[in-house]
Amino acid sequence: MSSELGTSENPRKWRFTWEAQSHIPTLRLFLFDQGTKPCIQCKNLKVDLNFERSLLLVSWFEEETEISFRVPVPRVLVDIESPISFRAMEDHIEVKLVLLLPVDHHIVSNFNSILNMSEATSQLFSMDSDIKSLSSRGGVHFYCKSCSTNLTKKPLSSFAEMPSINWREVADNWFGACCCSFGGISEKLVARYANSYSCGEESCLLDATSVILCKDDLVGFEFPDRDGDQNYESEPDCTEDDCINEDMQDAGGNHGRCVCPTVKKEKMSDLSGKLNSLHIQKEPFVDSPGYKIIEKEITVPSLIGTVPVSYFSENVASAPGCCADNRIHVLNHDKEVCTPDTVSYFSENVPSAPGCCADNRIHVLNHDKEVCMPDTSEISKEQKVTKASEVLANKKSFLNGFLGNIFMARSYNLSKDVEWIKFACPQCSSLLGAYPCADGYAPLDGGVRLFKCYISTCLPVCESGDLFRKYTLERMFTSQLLESAKDELSFRTVVRDLRTKSPVLQIVLLNPNSWCCTGYCLGTEDTVDPVANINLYPAIKVLFSDCSYRTESQIRMIEEWVTKNQADEVYMLDHLISELTVSLEAAMDMYPPSYTFLQGLPLSSLPR
């Protein structure tokens, strides 16, 4: 945010901070150092504006010695006809310039855009802009911003926006207003939405603060797997059309088993003791998936389906007392003995699933003892509805909002069954992101979240070709904080540790539309070389309090403050909170000591 100038040109180490507020045509300057009391020491204070060189010349006499230095003026529309207001305070010098237009006026913004002086804040975290820029590269590697280590095995070229976890807010029209589901349309819509979330290889999902990569696309990382368990993501060769729902069970068999193209040989029921095993494989096709029996040997030609039932009734008679049951009789004898109505037998004892087989006699050939192998092109609507319900069950963590933005999570985004594990660079061990898991194993959804502020899209990092060079922890936090203040109508926030749920940081938003820049003043020795231009940057002003070392009684007071003021509660990784606290404390140096506390709380700012 700051535009620091060299301290070698400023022996006294006087510091300047320019500040402006939205909709107010005034630019204010703070000048201060650590050992001077301007109200006592700065006699005959003078302030002059060099408009052509964008410099402010400040001078005074101290013990009959003239002290002077120069202050660069940011690119703003100053009203040169208005007088300059200045005064010496207890610990700083304050200067005010009158502007023709406020710094956030659309004319000024357009002027800055034409001169490429600054990037529009609204475009810093634009999902459409990020996806478009990444896709235009053809293939993108991701690198650690701390040590420039390559994190991906191969360039990624497929980018899409992370589906919103707040899908229920826009899903009212999916379900209608009556109690019926319209033939499963609602379930299908939700299932289709759930399927849009997929952490597949060579693809990347993006949200406002993170990129989500498949764990198999990361180089140098190993994740523990569950023995005997599978992730709930679908198998690559088993799709919604060629799998039958597990929940679809009927009285006669397990028609819900998922049968994929590579089905192992299984012995069929030995109806006569002379049936060989049937090998089932997926038939090559173009139009629709299906299955066929490619090998079978039946040595009893008249047993099933090849001879009409009337053949048995006319030519074969049962001897009295031959068999206790005519149905068993047919299995004990050859042609010359009687048999019951075979079709009736199998229709009673080998029930077929609806739509399974056109003829029960064919049904018998297509079954193991309990497994039906219908042509999947004839799967009934009921099966597809049940399949949609299975998808919802498999991806319930996503649908419940537990796999969303973990950079700054809400209480309703957390689940006791989902644990978030820090993900660090294998080279320098710097934090890169996090991933969800259950029982400490591999990523629950196969995806790892990398925070944009810690990764780069090219080498060298943070150069003009780096699409994430503008992303910093402070800007990402500010963006989320302002969005929360807008949605929740709350300007008080408590940041809790994601693991312990304890309050660690209190923040009160004072001004969401501030503009500022800071640096060190210049000496007057060299007046020939041009001065570097400086720009005002958007920022927010906040009060904050570090709660990480509070006692139990102080923690109780914070909890009461949260309840009384209905403060917004967010959850972050402890490393992010610590780094954010350091930034807040460092930003306090932008202002003189008399401006660093308000109502007993430290006053600071963060870039936005």
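Biologist: Which residue with positive phi follows H14?
Modeller: This is a predicted model. In it, H14 covers residues 552-565. The residue after H14 has a phi near 50°, and that residue is glutamine 566.

Biologist: How far apart are the end C-alpha atoms of helix H14, and what span should its 14 residues have?
Modeller: At 1.5 Å a residue, the 14 residues of H14 should span 20 Å. The distance between the end C-alpha atoms agrees with this, as they are apart by 20 Å.

Biologist: What arc around the axis of H4 do its buried residues cover?
Modeller: Helix H4 runs over residues 127-136, and Met127, Asp130, Ile131 and Leu134 are buried in it. They lie on the same side of H4, because the arc they cover around the axis is only 95°.

Biologist: Which strands do the buried residues of H4 pack against?
Modeller: The face turned away from the buried side carries exposed residues, namely Asp128, Lys132 and Ser136. The buried residues of H4 pack against strands S9 (158-161) and S10 (203-206).

Biologist: Is glutamate 19 buried or exposed?
Modeller: Glutamate 19 lies in strand S1, residues 15-21. Its relative accessibility is 2%, and buried means under 20%. Glutamate 19 therefore counts as buried.

Biologist: Which side chain is joined to that of glutamate 19 by a polar contact of 2.8 Å?
Modeller: Beyond four places in sequence, glutamate 19 is in contact with residues including Arg28, Trp515, Lys541 and Tyr591. Its side chain makes a polar contact of 3.4 Å with the side chain of glutamine 21. The polar contact of 2.8 Å is with the side chain of tyrosine 591.

Note on methods
Residues numbered from 1 in each chain as written. Predicted model: local features only at pLDDT ≥ 70, side-chain atom pairs only at ≥ 80, totals over all residues. Heavy atoms only, no water. Helix = DSSP H or I, 4+ residues; strand = E, 2+ residues; numbered from the N terminus. Expected span 1.5 Å × (residues − 1). Buried < 20%, exposed > 50% of the residue type's maximum accessible area, 1.4 Å probe, protein only. Arc of directions from axis to C-beta. Contact = heavy atoms within 4.5 Å. Polar contact = N/O pair within 3.5 Å; in protein donor to acceptor, adjacent residues only side chain to side chain.
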